[in-house]
Amino acid sequence: MTDILKKIFANGFYKIHAGALLFLFSTLIIYFFFINTLGTVPMWAVTEWNLAITLALVSSPLVLIIYLIVCLGYGFKSWQYVVKQLSVTHNEFLFYSTTSFRKYIQFKSWFLVQFKIFLPLWIYTIFATVIGLIYGYYILPISILLFLAFLNAFIAYGYVQKINSLVQKSATTTAGLLTKKWAKPFFILFTYQVLDKMKLTFLITKIVSYLFIICVSLFFTETAGAFSVGTLTIIILITAHAIIIYKEYGFNEHFLYFSHNFPFSKIKMFLGPCLNYAVILFPEILWLVTTQRFDHCGLIILLGFAILLLYRSIMYAIGNNMKRFLFWIFLIFNILFLGFLYTIIWYFVPMMLIISYLIFSRNYSNEHLSD
Amino acid sequence: MLYFNKFIKSYGSRTIVKIEEMELSNGIYWLKGVNGSGKSTLLKSVCGFLHFEGEISLNNISLKNSGVDYRKKINFADAEPIYPEFLTGNEMIKLFLKAKSGSITQAEYYIQSMDMGSYLNNPLGTYSSGMLKKLSLVLAFLGNPTLICLDEPLITIDTDSLSVLYQWIKEKYEKENTGFILSSHQPLDLSVFNKVSTLSLKDGKLHPSN
């Protein structure tokens with residue numbers, strides 16, 4: 001049972017969240033350890049600073065609290081994923097198969113599943129604990145370990161309770177109730193899906209997006225309204241929405257698959273989803289409108305939608321493949337950044353629109369779908 | 001009339017269906033074939049879901065050259081339909097009525113005869129597979145199609161609904177001259193229809209027989 005559960009939930013969790021995890025654990029943590037600074041920094045200083053960062057976790061209560069909040073957030077996200085997967089039709093067999101095992105066997109299996117999901121946290125926590133113990137910190141390192149073990153066990157217990165309880169299907173959701181009387185045109189459906197099923201992803205994206213906007217406002221106090229600042233911001237903001245674009249493709253090909261039979265022209269299917277993004281990107285558009293000159297604002301939004309359409313089209317060419325999608329996003333982002341540095345980004349706009357339409361047009365009747 | 005010319009549907013190097021040239025006149029067709037023979041793939045290619053090599057046209061309207069006009073004339077119901085869970089049945093019907101230029105009166109007739117009125121205001125996430133199947137059949141009959149392709153229409157629905165479905169097919173064919181391709185493992189109740197032609201899909205080849 002443990003192997004099957006690990007395969008479905010732990011492996012699935014890593015597959016779905018590969019992008020976010022890559023960012024969190026590779027970019028952030030490794031960056032702290034292997035950052036190359038401008039000028040020469042003596043080796044002893046690098047070691048000392050990195051050690052200080054790790055030691056802060058096991059010596060400073062404030063850093064510890066931040067880390068525990070991160071653990072809780074990670075735990076919540078994994079809980080949400082597993083519970084969602086449990087309600088998927090092809091996992092329903094687990095309700096009438098795994099539940100025939102004794103509760104403590106079920107708990108053991110789910111504990112190991114959660115342990116695998118928590119693996120990055122376990123590795124980092126154990127590493128920090130060992131460093132802490134070496135330097136004579138005992139209480140906080142042991143507390144972190146105990147907390148993580150408790151969280152792991154608590155979530156595993158929650159899964160056992162969940163899978164052994166009777167399934168109750170709610171007649172509607174809060175978002176469903178609120179938007180019951182609203183019109184639902186075809187090209188806005190993904191926005192409703194975001195409100196209904198992707199609230200947390202949406203919230204995290206918006207936090208990242210607005211954190212960047214706040215940073216821009218703080219660092220470029222004099223030039224926040226400059227055209228170049230707006231241009232760079234939109235490139236980063238659209239890239240921050242890559243996960244939403246990835247999920248939109250999945251939604252379209254799964255839940256809106258029927259629309260391939262609708263008498264809509266390719267150009268309509270290509271440009272129509274911009275309506276969704278006009279709503280989803282409303283807070284960012286609002287920021288642009290309030291900080292940029294009117295004519296500049298129009299150009300920046302056009303650039304934003306050209307990038308967005310290119311990212312969308314890439315999905316049609318590669319299918320539901322996070323690894324390949326990340327590779328392309330990384331590549332395109334760097335090209336766009338170079339374009340920005342050499343002030344040739346505006347030549348990219350018509351190119352991106354044409355290329356993305358050609359990719360979309362060629363791949364719309366998707367080859368990736370077996371049927 | 002459905003016309004295939006040098007039609008090849010393959011996944012990678014594996015050919016699923018190959019039809020050199022074939023004309024299917026307007027009528028009711030029962031598409032037979034074992035599991036994995038390519039029935040759904042063929043229907044989805046005909047209905048404009050999947051990419052293929054060659055040409056398919058319906059009453060001289062080419063799928064590849066005039067996709068919009070072609071799709072106005074062809075409807076489809078999936079074997080296991082999946083729709084956004086937050087939408088209600090009524091919202092799905094409205095969406096299809098708009099896309100397929102159907103009328104409310106038309107939808108009401110199908111809803112009433114299939115006795116679906118009581119739950120159409122509920123979100124689709126609460127529907128059983130049978131309820132979703134019935135909804136998908138209603139959606140396939142909306143608008144003014146020349147051809148309706150139903151993938152495994154006999155599965156999941158109850159016997160009462162099955163006889164209603166047979167009645168719809170008969171009426172649509174006799175009154176509006178709408179053609180049908182029905183893929184099914186189970187035998188159709190041929191006594192309801194005056195004439196049903198059979199299409200057998202075997203080893204990637206389509207064999208028509210009367």
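## A loop and a strand in chain B

B:Asn59 sits in the loop that links S4 and S5 of chain B. The model is predicted. In it, the phi angle of B:Asn59 is near 50°. That is a positive value, and the residue is not glycine. Is B:Asn59 buried, partly exposed or exposed? B:Asn59 counts as partly exposed, because it has 14 C-beta neighbours inside 10 Å.

B:Lys6 also has a phi near 50°, again a positive value in a residue other than glycine. B:Lys6 belongs to strand S1 of chain B. B:Lys6 counts as exposed, because it has 11 C-beta neighbours inside 10 Å, and the cut-off for exposed is 12 or fewer.

## The four-stranded sheet

Strand S1 of chain B is part of an open sheet of 4 strands. Their order is S2-S1-S4-S5, and the pairing is antiparallel. Which strands stand at the edges? They are strand S2 (14-24) and strand S5 (61-62) of chain B. Each of these pairs on one side only.

Now look at S1 and S2. Strand S1 covers residues 2-11 of chain B, and 9 bridges join it to S2(B). The two run antiparallel. For one such pair, find B:Ile8: its bridge partner in S2(B) is B:Lys18. Helix H1 (residues 39-46) of chain B packs on this sheet. H1 touches S1, S2 and strand S4 (53-58) of chain B. The direction of H1 makes about 125° with that of S1(B).

S1(B) and S2(B) also form a hairpin, with 2 residues between them. B:Gly12 lies in the turn and has a positive phi of about 65°.

## The six-stranded sheet

Chain B has another open sheet, built from 6 strands. The order is S6-S7-S8-S3-S9-S10. Here the pairing is mixed. Strand S6 (74-77) and strand S10 (205-209) of chain B are at the edges. Each has a single partner strand, so one side of each has no neighbour in the sheet. On average, neighbouring strands are turned by 20° against each other, direction ignored.

Inside the sheet, strand S7 (residues 147-151) and strand S8 (residues 179-183) of chain B pair in the parallel sense. They share 5 bridges. One pair to find is B:Leu150 with its partner in S8(B), B:Leu182.

## Nonpolar cores

The largest nonpolar core has 95 residues. Which members touch the most others? They are A:Ile307, B:Met92, B:Leu139 and B:Cys149. Helix H16 (residues 294-318) of chain A supplies the largest share of this core, 12 residues. In soluble globular proteins, nonpolar side chains tend to be buried together.

Take B:Cys149. Leaving aside neighbours within four places in sequence, B:Cys149 is in contact with B:Leu43, B:Val46, B:Cys47, B:Phe76 and B:Ile181. There is also a second, separate core of 16 residues. Its members include A:Leu5, A:Leu148, A:Ile155 and A:Tyr159.

## A closer look at A:Leu148

Where is A:Leu148? It lies in helix H7 (residues 139-164) of chain A. Why does A:Leu148 count as buried? It has 22 other C-beta atoms within 10 Å, and buried means 20 or more.

Not counting residues up to four places away in sequence, A:Leu148 touches A:Cys71, A:Phe118, A:Leu121, A:Trp122 and A:Thr125. A:Thr191 is 43 residues from A:Leu148 along the chain. Their C-alpha atoms are separated by 36 Å.

## Where the chains meet

The contact between the chains takes 25 residues from chain A and 25 residues from chain B. On the chain A side, helix H8 (174-178) and helix H9 (189-197) each give two or more residues. H9(A) gives the most, with 4 residues. By class, the chain A side has 10 nonpolar, 10 polar and 5 charged residues.

Technical notes: Residues are numbered from 1 along each chain as its sequence is written. Chains are lettered from A and ligands numbered from 1 in the order in which they are written. This is a predicted model: local features need pLDDT of at least 70, side-chain atom pairs count only at pLDDT 80 or more; totals for chains, interfaces and linings use all residues. A nonpolar core is a set of buried Ala, Val, Leu, Ile, Met, Phe, Trp, Tyr and Cys residues joined through C-beta atoms within 7 Å. Two residues are in contact if their C-beta atoms, placed from the backbone, lie within 7 Å. Two strands pair if DSSP finds at least two bridges between them. Axes are lines fitted to C-alpha atoms, for helices over the stretch in contact, and angles run from 0 to 180 degrees between N-to-C directions. Ala, Val, Leu, Ile, Met, Phe, Trp, Tyr, Cys and Pro count as nonpolar, Asp, Glu, Lys and Arg as charged, and the others, Gly among them, as polar.
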